[in-house]
Amino acid sequence: MKIFIDKIEIFGYHGCLEEEKKTGQYFLVSLELALGSAVSGQADDLERTVDYSLVCGQVESIVTSSRFNLLESLTDKIAQTLLLSYPELDSVKVAVEKPSAPVPVRFESLGVTVERGWHTVFLSLGSNLNDREKNIRGAVERICASSGFKAGMCSQIIETEPWGVENQPKFLNCALEVKTWLEPEELVSSLKQIERDLGRVPGTKWGSRIIDIDILLYDLIIYKSERLQIPHPYMHERDFVLVPLAEIAPNAIHPVKKKYIREFL
């Protein structure tokens, strides 16, 4: 089920030019709100859906009280705020138009569209330096407290033998489920920053580390870039990944191998 709200007219002060910030202009905001499966129109109960009036008021507050140079930033701010404010929402699509944009050509419409939605992600966390358990628990806390994340299930922490490079201390490992609106490249950037904040520094591949956070699965997508591959290319070969993951998601599906996680064990 989706809710549509088309072209809310709101006066704001957004733009790169000083004149735009000084005099302001009208913006048109359109919303497409995808409700979760638990929301049903058959209940005919406002408490079990999203109040359109509250949504409009919240969007108006964002546009009028904030100042952004870019429409992209304003549009993303609206999308993120709505997802956090209404747990009934699976995803949002926000379009912000700027009818009076100072461009030297005639145009019918100029604006930005952003789509954000909750994705189910499974992570593997490991540590084999210093206080290993403290490192892992600190990483879990930081991830779950970061903007764009909602905490899911976390496995038990287990001790495992090193993989790839054997001459190093044993690891502690766990698996963590989270919901996130971050896209894959945004997600890996966020997780790498958490690793750095916890003290990780560049080192030998598969060597000792304060903390390691790997993306195992992201919904059912198959994705590859220069720095990221989903699903994780070695996850099905590693017991230290599979055992914790099977504890919290035995029926999760590997989108390449087409098998349940429990089957790899």
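What follows is a chat about the predicted model shown above.

Colleague: Before we dig in, what are the ground rules for this model?

Modeller: It's a predicted model, so local features need pLDDT of at least 70 and side-chain atom pairs count only at pLDDT 80 or more, while totals for chains, interfaces and linings use all residues. Residues are numbered from 1 along each chain as its sequence is written, and side-chain values use heavy atoms, with hydrogens and water left out.

Colleague: Fine. How many helices and strands are in the chain?

Modeller: The chain has seven helices and 13 strands. Those are DSSP runs numbered from the N terminus: helices are H or I with at least four residues, strands are E with at least two.

Colleague: And what box do the C-alpha atoms fill?

Modeller: Roughly 65 × 50 × 30 Å along the principal axes. Of the 265 residues, 44% count as buried, where buried means under 20% relative accessible area, exposed means over 50%, and partly exposed is in between (1.4 Å probe, protein chains only).

Colleague: How many bridges join strand 1 to strand 2?

Modeller: Nine, and the two run antiparallel. Strands count as paired if DSSP finds at least two bridges between them. Ile8 sits opposite Val29 in strand 2.

Colleague: What about the other pairs?

Modeller: Strand 2 and strand 3 pair antiparallel over eight bridges, and Ser30 has Ala95 in strand 3 as its bridge partner. Strand 3 (residues 89-97) pairs with strand 4 over seven bridges, also in the antiparallel sense. There, Glu97 stands opposite Gly111 in strand 4.

Colleague: Why call strand 2 largely enclosed?

Modeller: Because nine of its eleven residues are buried.

Colleague: Switching topic. Is helix 6 mostly covered or uncovered?

Modeller: Mostly covered: seven of the ten residues in helix 6 (residues 239-248) are buried. Among them are Phe240, Val241, Leu242 and Ile248. The buried residues pack against several elements, including strand 5 (119-127), strand 8 (171-180) and helix 7 (261-264).

Colleague: Salt bridges next. How many turn up in the whole structure?

Modeller: A search finds 14. The cut-off is a side-chain nitrogen of Lys or Arg within 4 Å of a carboxyl oxygen of Asp or Glu.

Colleague: Which residue does Glu20 pair with?

Modeller: Lys98, with the closest N and O atoms 2.7 Å apart. That pair links distant parts of the chain, since Glu20 is in helix 1 (residues 18-23) and Lys98 is in the loop between strand 3 and strand 4, 78 residues apart. Both Glu20 and Lys98 are buried.

Colleague: What distance separates Glu159 and Arg132 in their salt bridge?

Modeller: It's 3.1 Å, N to O. Glu159 is in strand 7 and Arg132 in helix 4 (residues 132-145), 27 residues apart. Glu159 counts as partly exposed because its relative accessibility is 48%, and Arg132 counts as partly exposed at 22%.

Colleague: Which residues are linked in a network of salt bridges?

Modeller: Lys192, Glu195, Arg200, Arg209 and Asp212.

Colleague: Last one: which residues make the nonpolar surface patch?

Modeller: Leu220, Ile253 and Tyr260, covering about 270 Å². Patch residues have over 30% relative accessible area and no salt bridge, with like charges joined within 9 Å and nonpolar side chains (Val, Leu, Ile, Met, Phe, Trp, Tyr) within 5 Å. Areas come from the Shrake-Rupley method with a 1.4 Å probe, and for residues only the protein chains shown count as cover. Leu220 is in the loop between strand 9 (212-218) and strand 10 (223-224), and at 56% relative accessibility Leu220 counts as exposed.

Conventions
Contact means heavy atoms within 4.5 Å.
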